[in-house]
Amino acid sequence: MKPAYIKIAEAMENDLISRKYACGVQLPDEKELMAAFQANRKDVRKAMAVLVNKGLIYPMQPNGYFPRPSAYDNCISLESYRGFSREFPNQKVEGIPLKLEVVKADEQLAEKFRIEPGEALYYLERLRKVDDEPYSLEYIWYSKELMGDLTEEIAKGSIYRYITRDLQLSIGFADRVLSADRLSSQEAEILNLKENDPAFCMQNTVFLSDGNVLEVSNVVHNYKKCKMTKLAGWN
């Protein structure tokens, strides 16, 4: 069970990402938030502190809190793990499954998923396009036990919408490692680049809120298209 202040912070973060609150307009005050979330003052203040530390809002005394303006729309956020489609709300986003199959976990994957070698996983290779341009190539393993009946039709859309809305699973957190590499000939052809061109690579391990591992992935981004950002607070 998540603490109350985390639930408040997550709900507010979703509202901020979806632009529910306009920049320059004060956020609801403590009393309004306490009423909206049926929460006490301590939890509301802790939630706002979380959002300040994430760089999503800033305090302006004595007026309260305001959304932080961002000049980095259409970038991949390193601050939170919210799924690819939500990073580009005003653009055409496509998922093109290249391969979807059930595989057996080798020792390395079994260790990451904390399962026995040989247990079943989904393996998905998928091309992501933004405004009809190749943006990234995804190599993803999912827990078959947790993912239900993953189909190519689901893989064409937002898998995280399927996870949270249809499966009613709660994403907890993700470990992310960013590195640089060079494209193989196959990757270059898919991304409309040249062999040995540079690539941004993101390795992800995604956990549910109960600590179970849902996903292990390696995403290769088109270096000509990809931008990443992390909002920072002042500590």
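Me: Let's start with Glu30: what does Glu30 count as in terms of relative accessibility?
Reply: Glu30 counts as partly exposed, at 24% relative accessibility. Keep in mind that this is a predicted model.

Me: Which residue forms a salt bridge with Glu30, the closest N and O atoms being 2.6 Å apart?
Reply: Arg41 does, with the closest N and O atoms 2.6 Å apart. Arg41 lies in helix H3 and Glu30 in helix H2, so this pair ties together parts that are eleven residues apart in sequence. Arg41 is partly exposed, with a relative accessible area of 34%.

Me: And where does Arg45 come in, next to Glu30?
Reply: Arg45 also forms a salt bridge with Glu30, and there the closest N and O atoms are 2.6 Å apart. Glu30 is in helix H2 and Arg45 in helix H3, so the pair links parts that are 15 residues apart in sequence. Arg45 has a relative accessible area of 47%, which makes it partly exposed.

Me: How many salt bridges does the structure hold?
Reply: There are eight salt bridges. Another one of them joins Glu153 and Lys156, with the closest N and O atoms 3.8 Å apart.

Me: Where do Glu153 and Lys156 lie?
Reply: Both are in helix H6 (residues 152–156), three residues apart, or about one turn of the helix. Glu153 counts as exposed at 59% relative accessibility, while Lys156 counts as partly exposed at 46%.

Me: Let's look at helix H3. How many residues has it got?
Reply: H3 covers residues 41–53, which gives it 13 residues. From first C-alpha to last it reaches 18 Å, close to the 18 Å expected at 1.5 Å a residue.

Me: Which residues of H3 are buried?
Reply: Asp43, Val44, Ala47, Met48 and Leu51 are buried. Looking down the axis of H3, its buried residues fall within an arc of 135°, so they line one face of the helix.

Me: What do the buried residues of H3 pack against?
Reply: They pack against helix H1 (4–17), helix H2 (30–37), strand E1 (57–60) and strand E2 (64–67).

Me: And the ends of H3: which residue caps the N-terminal end?
Reply: Asn40 is the cap, with a side-chain oxygen 3.2 Å from the backbone nitrogen of Lys42. Just after H3, Gly55 takes a positive phi of about 80°.

Me: New topic. How many residues are in the largest nonpolar core?
Reply: It has 15 residues. Those with the most contacts inside this core are Leu124, Tyr142, Met147, Ile159, Ile163, Ile171 and Leu214.

Me: Which elements give two or more residues to this core?
Reply: They are strand E5 (120–130), strand E6 (133–143), helix H7 (159–166) and strand E8 (198–208). The largest share comes from H7, with four residues.

Me: What is Leu124 in contact with, leaving aside its neighbours within four places in sequence?
Reply: Its contacts are Pro97, Lys99, Leu100, Glu138, Tyr139, Ile140, Tyr142, Ala155 and Ile159.

Me: Last one: how many residues are in the second, separate core?
Reply: That core has 14 residues, including Tyr21, Leu27, Ala39 and Met48. You've already come across Met48, as one of the buried residues of H3.

Terms used
Residues numbered from 1 in each chain as written. Predicted model: local features only at pLDDT ≥ 70, side-chain atom pairs only at ≥ 80, totals over all residues. Heavy atoms only, no water. Core = buried A, V, L, I, M, F, W, Y, C linked by side-chain atoms within 4.5 Å. Buried < 20%, exposed > 50% of the residue type's maximum accessible area, 1.4 Å probe, protein only. Contact = heavy atoms within 4.5 Å. Expected span 1.5 Å × (residues − 1). Arc of directions from axis to C-beta. Polar contact = N/O pair within 3.5 Å; in protein donor to acceptor, adjacent residues only side chain to side chain. Salt bridge = Lys/Arg side-chain N within 4 Å of Asp/Glu carboxyl O.
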